[in-house]
Amino acid sequence: GADEQRRLTNLAGAVTSRVAQLSVAAGWVLTNAQGTQLPYRLFLPPKYNPATNYPLVLFWHGAGEVGTDNVGQMKDNGQFAFLSASNLAKYPCFYLAPQIPYSLSYCGQYDTFLNCATNLLNSLAGQFAIDPDRVYVTGLSMGGFLSWIMVARYPELLAAAVPMSAGWACSSVQDAPPLS
């Protein structure tokens, strides 16, 4: 489990440490028709089988992880519990972690990246065995705002949303023009 510990010993002494797990995800960048870029990491389910449909969890990071290095969104704020070996053994899933290049401050900016995310989800659904009835969104802080807005704009696309440490950023779902 997440609290599993091991005692490590060498010539310098001994220390008790949490068990570490290494997960590797290729880094990619989606560029939409308007030229907006969305770097992202995609983790595949262990022992991925294209004949099996898997859920997908989309995680939006907070404002502290913005950038274009496609690494900042990998800061562990607890969200990687999805990728623990014990969790993936019970609940194999795709885990998608895009990176927003700058802090979002108004609804139109949120819409820009939600548009990219829906394009990305459609693209991934064409490449991988993703169950369209089990696509989930979560995020913390700024990413939690994105989660709220995404589930309001695309209720037919998402099975559930789990925003963390976030409120509602826009006065209504119709604050910005509908997305294409």
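**Figure 1. The second largest pocket of the predicted model.** The second largest pocket has a volume of about 280 Å³, where a pocket is, on a 1 Å grid over the protein atoms alone, an open set of points where a 1.4 Å probe fits, with protein on both sides within 12 Å along at least five of seven lines. The volume is the space filled by probe spheres set on the points, with grid points joined across faces, edges and corners. Its lining, meaning residues that have an atom within 4 Å of a point, consists of 17 residues, and the closest to the pocket centre are V57, F82, Y136, T138 and V162. Strands β5, β7 and β8 each supply at least two residues of this lining; helices (H or I, at least four residues) and strands (E, at least two) are DSSP runs, numbered from the N terminus. By class, the lining has twelve nonpolar, five polar and no charged residues, where Ala, Val, Leu, Ile, Met, Phe, Trp, Tyr, Cys and Pro count as nonpolar, Asp, Glu, Lys and Arg as charged, and the others, Gly among them, as polar. Because this is a predicted model, local features need pLDDT of at least 70 and side-chain atom pairs count only at pLDDT 80 or more, whereas totals for chains, interfaces and linings use all residues. Residues are numbered from 1 along each chain as its sequence is written, and side-chain values use heavy atoms, with hydrogens and water left out.

Figure 2. Six strands form an open sheet in the order β3-β4-β6-β5-β7-β8, with mixed pairing; two strands pair if DSSP finds at least two bridges between them. Strands β3 (26-31) and β8 (160-164) stand at the edges with a single partner strand each, so one side of each is left without a neighbour in the sheet. On average, and with direction ignored, neighbouring strands of this sheet are turned by 25 degrees against each other, an angle between axes that are lines fitted to C-alpha atoms, for helices over the stretch in contact, with angles running from 0 to 180 degrees between N-to-C directions. Helix α2 (residues 107-127) packs on the sheet and touches β3, β4 (37-43), β5 (54-60), β6 (94-98) and β7, and its direction makes about 40 degrees with that of β4. Helix α3 (residues 142-153) also packs on the sheet, touching β5, β7 and β8, and the direction of α3 makes about 140 degrees with that of β7. Strand β7 (residues 130-140) is joined to β8 by five bridges, and the two strands run parallel; within this pair, V137 stands opposite A161 in β8.

**Figure 3. Strand β4 and its two partners.** Strands β3 and β4 pair in the antiparallel sense over six bridges, with T31 standing opposite Q37 in β4. The two strands form a hairpin with five residues between them, and G35 in the turn has a positive phi of about 90 degrees. Strand β4 also pairs with β6 in the antiparallel sense, over four bridges, and here Y40 stands opposite P98 in β6. Six of the seven residues of β4 are buried (under 20% relative accessible area, with a 1.4 Å probe and protein chains only; exposed is over 50%, partly exposed in between), so β4 is largely enclosed by the rest of the structure.

**Figure 4. Two loop residues with positive phi.** Most residues other than glycine have a negative phi. K47, although not a glycine, has a positive phi of about 55 degrees; K47 lies in the loop between β4 and β5 and, at 80% relative accessibility, counts as exposed. N70 has a phi near 60 degrees, again a positive value in a residue other than glycine, and is found in the loop between β5 and α1 (85-90), where N70 counts as buried at 7% relative accessibility.

Figure 5. Y102 lies in the loop between β6 and α2 and counts as partly exposed, at 37% relative accessibility. Leaving aside its neighbours within four places in sequence, Y102 is in contact (heavy atoms within 4.5 Å) with V66, Q109, F113 and M142. The C-alpha atoms of Y102 and G67 are separated by 6.0 Å, although these residues are 35 residues apart along the chain.
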